[in-house]
Amino acid sequence: MRSGILATVAALAASGGLMSQEWGTLKGKVVFGGEAPKAEAIKIDKDQDHCLSKGDIPSEKLVVDPATKGVRWVMVWLVDSKDPKAALPIHSSLKEAASKEVVVDQPCCKFEPHVVALREGQTLVAKNSSPIPHNVNLVSTGKNPSKNEIVPPGRQVKVDGWVAAPSPTLIKCDIHPWMMGYVRVFNHPYFAVTNEKGEFEIKNAPAGNFNLVVWQEEAGWVTGDRKGTPVSIKADGSSNVEIVLKAK
Ligand SMILES: [Cu+2]
């Protein structure tokens, strides 16, 4: 009797029905629900010679591609569908972060990238590759670091000690008050920031039913609040989801 049960368990495990987690890819797009707002140029009232040397600086608070209505700089991440705080299964290739450091630069009076995703254990390198001084003012809540330092031209500041948190950290430059960005920290690798067409891709994600949390700086929680919206990830395949972001 006992050996029969063991044989059944072994057969189930071999077929992937038990004990073995399967993996898939989640692809998606965040689109603007409504007429795409026009990109507005920020009023630059300081260091104009340098800051405007490559043209106007468009606001990045809500960036919508007029052709596809895709929304850029939206953060998306997976959570357990029942308990948003539960640990997610992590694929063996993603146990470690892809890089030790994540760089945010201030090349021409704006932060690049505008939205930064970090994984616990990674170092944020805030650099200044421009010819003028900037500062890096990190405003965190909770346990994440807050720091305010001048970064002279060609220099950088390294910041460690990041932990997954419900709120983003604001990154700003007080010399140029329009310069602003966001940092979010995760304790797993299943997050992404949308590109200029509003697209994102999360590879080697656990197959099954999860929730996708969607956050944008102007809209806040885009759908399903901080618990997210249900997504189904197919094993050994690619699943697609479209999220509609409505103007507030
Ligand atoms: Cu600045």
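Modeller: A residue counts as buried if 20 or more other C-beta atoms, placed from the backbone, lie within 10 Å of its own, as exposed if 12 or fewer do, and as partly exposed in between. Glu217 has 18 other C-beta atoms within 10 Å, so Glu217 is partly exposed. This is a predicted model, where local features need pLDDT of at least 70 and side-chain atom pairs count only at 80 or more, while totals for chains, interfaces and linings use all residues. Numbering starts from 1 along each chain as its sequence is written.

Biologist: Where in the chain is Glu217 found?

Modeller: Look in the loop between strand 15 (208–216) and strand 16 (220–221). Helices (H or I, at least four residues) and strands (E, at least two) are DSSP runs, numbered from the N terminus.

Biologist: And which residues does Glu217 touch?

Modeller: Touching, or contact, means that the C-beta atoms, placed from the backbone, lie within 7 Å. Leaving out residues up to four places away in sequence, Glu217 touches Lys61 and Tyr182. Gly70 is another residue to look up: Glu217 and Gly70 are 147 residues apart in sequence, and 15 Å separate their C-alpha atoms in space.

Biologist: Let's zoom out. How many helices and strands does the protein chain have?

Modeller: The protein chain has two helices and 18 strands. Its C-alpha atoms fill a box of roughly 80 × 40 × 25 Å along the principal axes. Of the 248 residues, 30% are buried. As for contacts between residues at least 6 apart in sequence, 64% of them join residues at least 24 apart.

Biologist: How is the protein chain divided into domains?

Modeller: The bounds come from an automatic or database domain assignment. Domain 1 covers 22–94 + 189–248, and domain 2 covers 98–187. Their C-alpha centres lie 19 Å apart. In the contact between them, domain 1 takes part with 16 residues and domain 2 with 15 residues. On the domain 1 side, helix 2 (48–51), strand 4 (75–80) and strand 13 (191–193) are the elements that give two or more residues.

Biologist: Which residues touch the most other members of the largest nonpolar core?

Modeller: A nonpolar core is a set of buried Ala, Val, Leu, Ile, Met, Phe, Trp, Tyr and Cys residues joined through C-beta atoms within 7 Å. The largest one here has 50 residues, and Val71, Val74, Val76 and Val214 touch the most other members. Strand 1 (residues 23–33) supplies the largest share, five residues. Both domain 1 and domain 2 give residues to this core, so it lies between them. Take Val214: beyond four places in sequence, its contacts are Val30, Val74, Val76, Val222, Thr223, Gly228 and Ile243.

Biologist: Now sheets. In what order do the five strands of the open sheet stand?

Modeller: Strands pair if DSSP finds at least two bridges between them. The order is 6-12-11-8-9, with mixed pairing. Strand 6 (115–119) and strand 9 (147–151) are at the edges with a single partner strand each, so one side of each has no neighbour in the sheet. Inside the sheet, strand 8 (residues 134–139) runs antiparallel to strand 11 (residues 169–172), joined by three bridges. Asn137 stands opposite Lys172 in strand 11.

Biologist: Which strands pair with strand 7?

Modeller: Strand 5 (residues 101–105) pairs with strand 7 in the parallel sense over five bridges, and strand 10 (residues 156–159) is joined to strand 7 antiparallel by four bridges. Follow Ala126 in strand 7: Ala126 is the bridge partner of Val104, and Val157 in strand 10 is a bridge partner of Ala126 too. Strand 7 (residues 123–127) also has two faces, a covered one with Leu124 and Ala126 and an uncovered one with Thr123, Val125 and Lys127.

Biologist: What can I learn from the backbone angles of Cys109 and Lys69?

Modeller: Cys109 has phi near 65 degrees, a positive value in a residue other than glycine. Cys109 sits in the loop between strand 5 and strand 6, and counts as buried because 24 C-beta neighbours lie inside 10 Å. Phi of Lys69 is also positive, near 65 degrees. Lys69 belongs to the loop between strand 2 (63–64) and strand 3 (71–72) and is partly exposed, with 19 other C-beta atoms within 10 Å.

Biologist: Which peptide bond is cis, with omega near 0 degrees?

Modeller: The one from Glu112 to Pro113. You'll find Pro113 in the loop between strand 5 and strand 6.

Conventions: Two residues are in contact if their C-beta atoms, placed from the backbone, lie within 7 Å.
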